[in-house]
Structure formats: structure tokens, C-alpha cells
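This briefing covers salt bridges in a predicted model. Please have the sequence and the structure at hand.

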Amino acid sequence: MSASRAAHIVVDLGFGDAGKGTLTDWLTRRHDARLVVRFNGGAQAGHNVVTEDGRHHTFSQFGAGTFVPGVWTHLAHSTVFHPLALRVEARYLAERGVQEALSRVTVSERARVITPFHQAAGRLRELARGDARHGTCGVGVGETVRDALAHPEDTVLAGDLRDASGLVRKARAAQERLRGALEEVLRLTEGLSDAAPERALLEDSGVSARWAEAVRSIEPLQRVVDDAWLGARLRAGTTLFEGAQGVLLDEWRGFHPHTTWSTCTFEPALALLREHGFDGEVHRLGVLRAYATRHGEGPFPTEDASLAPSLPEPHNGADGWQGGFRVGAFDAVLGRYALEVCGGVDALAVTHLDRLTSRWPVCDAYRAAPGQVGSGEDSTLVREAPGSERITALRPSDSERDLDWQARLTRALARCVPERRPLELGVAPEARVERFLGWVEAALGARVTVASRGPTAGDKQPRG
């Protein structure tokens, strides 16, 4: 094993928004990393970084280490690539003083590509669900994965971006295929004003050629690389692997159907390291906020709207497809579940510690009488004792891919009432932080080695 080679994998243990971006920025600087690898998800990511000089950017496809000069981003084959969103993001970064960001990006030739038609299809499906919406970011990641699984031979891959005429043919085929598959969705969305632009995209025969022409602006011949490129870079020094979304949104371990079409655990990053025969040190860092959050629809046991005024959210609004930003008490039950399904961590990082007050809301268990939960759903809950109302854990499925189990778990959570209580932390800010982190370590059985008291790299402190 080479001491000069190391991989740091950053994964959110919640529903997202825990601070993966700010931790990636800090770790990049701390370890002098030259490469950030995005290994799951796609353009739906929103990782906020604030620099010491006050610049702010919400990183979507660029790695969150991009503010550091000379740091590259690689979008691995396990990601879903939105080429025009990358172009837009590069312009935003240029406005923030990073002029050459696009020249520091590579994309695996095997990465699946979001076309305008996949984005439109995903939005139309969500509109057709009405009040039963699942929660979507509206950029087409799920629809692209769905289509790729059903039609692997016709999937638009990043390698196809290098051939303009072939790209147009594949995009037109996707347009026709999706239009046919969405017959019922198109019926349900007829007359909806929000659906009109998406429906128009599916009908416009000229979109494919215009899109392919626009894609040329990212210079695919320079951006798209084979997988050997990553292997060589991994051998050159320290690499950051920046996860997207959160373990509780994982396609197989999240609370179905309010999940993403992506594996959000450490596994995709570990698989890339195995694929390239990486022989350096590997560090798995799980990230949590000091309180629970969820952006959009889906189960959220400890949600407490009364906390929102005291926990302002400067970078996550309620606009767009995703919906409202919700907050609640720190949930140790969900934390333990996330740790179990992702195979544990080497360490934890806890962010937003500057928000702590002398009496801080936490939850270490739920309550639900056995008779209130159906027998199928009750099997997903771990009770303190047989017949007890107190629930101390969620039981993962024995199978890694059991959506029926995850749906039962979702229904069971809806019946659970959180045991909220105030944690007495005292008046002195530093004492509050240490008391809270000590409680987190005891509740989750994992070490906290990074404490974040604000949005910048300077607000991060290593902890023994």
C-alpha cells in the first residue's frame, strides 16, 4: 500500500443537505487533493460552498473542491450526466471568479446522458401524480435511469457526445420512445399549464438537432474520457469522492417510493476503487446535521415546523420542483438505520453546530402500539421488548433490493410518533458542542472527528 495514495469518501447519512459540499471543500484543502470524483446521482445535486472571501456557489455537477485552483472534477460512469446544465454551471462559476472550471472536468464515456426529453418526461410523470407526487428535482435523472434499464442498447452515453450526427439519431429515437411510453401521462396532464412546455418538447422534431449543436459548447472531445483516465489519476495522490443526496433517499434502502434512482451509500465509490485496483488508504466519512432536514416530499418522523424560524435556510428554498424545505429534531433512529445500511463509517462529521441552543431537541426512539401497525409493517420495526410500544431501530431488509420491504417500512414510519426530548447542553457554546457530540457518539456508536460551526472551510475543526 502506498502512503501517498488515499481516497476520502463523503456520504450524507440523512435525506441530503447535511453539508457534503462544504466538507468536500474542506477536505480538498486539508489533504491537498487534486481530484474530486462524483460517483452517484447527477445534476439534481445541490452542494453549497462558501469561501472565506464570501463567494458562494451551489455545486451541482462540478466537484465541491472547484474553488481550489488546480482541482479537477471527474464524473464517473456511475453518474447521470446533464451536459447543458454543466455549461450553465460553468458560467455561474466564472461569475464567481473561477474562469477555467470547464477545462478541469472530465466525464466517463460510459456515463448516461440526460436529454431534454428525459427531463420533460420526468416532470410530466410528477405532474400526473397530482397530490400523490413522489418528490423530484425535475432534471431528468430518474427518467434517464429508467429508460437506460429498459433500453440499454439505445441509451445515450457520454461517449456518444463525440459524434454529432449519431447523437442526433439517438436523441430522436429517445424522443419517440418516451412519447410512446407516456401516452397515459400525456392524457393526465392535458390542459395543465405547467405541463405545456414539457409536452411541447416531446412534440418538437427539431429539438434533437438544436440540443446536439448546443452540446458542442462543452467540447466533448476534451471532456469525455475512457475509464483508464480515472485509474491513472487515482494512483497520483489523494482523491475526494463526493456523494450526492443521502442514504435515506437511496434507491434500495430509502423509504419507497419517495427515493432517488441512485445508490447513495459508499458502495459506488468503493466499486470504482476496486475496479481500478486502488491500493491506498480509504476513509469513509458520514455527514449529519445537528438537526434533521428534508427537502421535498416523503416520510420525516421528527418534523417540527415550529423550529423553522430559528433555523433559517439561506441556500435551500421552496421554489422549483422539489418543494418545501423541512426541519426537525435530530433523529438517532434514522441515523442508526443509515449507518447500518451503508456498512458503517470510519468517522462522522457533524455540521451546523453553530445553531445549537442550551436545550436542543433530539429523538432517540419512536412509539407505536403493536395494534396500530399492520403485521407486515410491524416486522420492519425493532421494538425495545416484545409487545412494547417503544421502537429503538428500523430493521433493514435481508435483501439488498426489496422495494416491497421498503414500502412497508414507509407505511410503518407513518404510524410512528417520535419520542422528542430536549437535551440540556448548557450556556457556553463550546461546552454545548462537546456535550452534543458526545451524545451523538453514544447514540450512534460512531466517532465524530469533524465539527463544523459554519459554512466556510475555516469553520471546520478536526476532533480527536
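Arg34 is partly exposed, at a relative accessible area of 33%; buried means under 20%, exposed over 50%, and partly exposed in between (1.4 Å probe, protein chains only). The model is predicted, so local features need pLDDT of at least 70 and side-chain atom pairs count only at pLDDT 80 or more, while totals for chains, interfaces and linings use all residues. Residues are numbered from 1 along each chain as its sequence is written, and side-chain values use heavy atoms, with hydrogens and water left out.

**Salt bridges overall**
- A salt bridge is a side-chain nitrogen of Lys or Arg within 4 Å of a carboxyl oxygen of Asp or Glu, and the count by this rule is 36.
- One network of salt bridges links Arg367, Glu384, Arg390 and Glu419.

**Arg34 and Asp32**
- Arg34 and Asp32 form a salt bridge through their side chains, at 3.2 Å from N to O.
- Asp32 is exposed, with 54% relative accessibility.

**Arg390 and Glu419**
- In the salt bridge between Arg390 and Glu419, the closest N and O atoms are 3.1 Å apart.
- This pair links distant parts of the chain, 29 residues apart: Arg390 is in strand 18 (residues 390-394) and Glu419 in strand 19 (residues 417-424).
- Helices (H or I, at least four residues) and strands (E, at least two) are DSSP runs, numbered from the N terminus.

**Arg453 and Glu430**
- A salt bridge joins the side chains of Arg453 and Glu430, at 3.1 Å from N to O.
- Arg453 lies in the loop between strand 20 (448-452) and strand 21 (460-462) and Glu430 lies in helix 15 (residues 429-444), so the pair ties together parts 23 residues apart in sequence.
- Arg453 is buried at 19% relative accessible area, whereas Glu430 is partly exposed at 48%.
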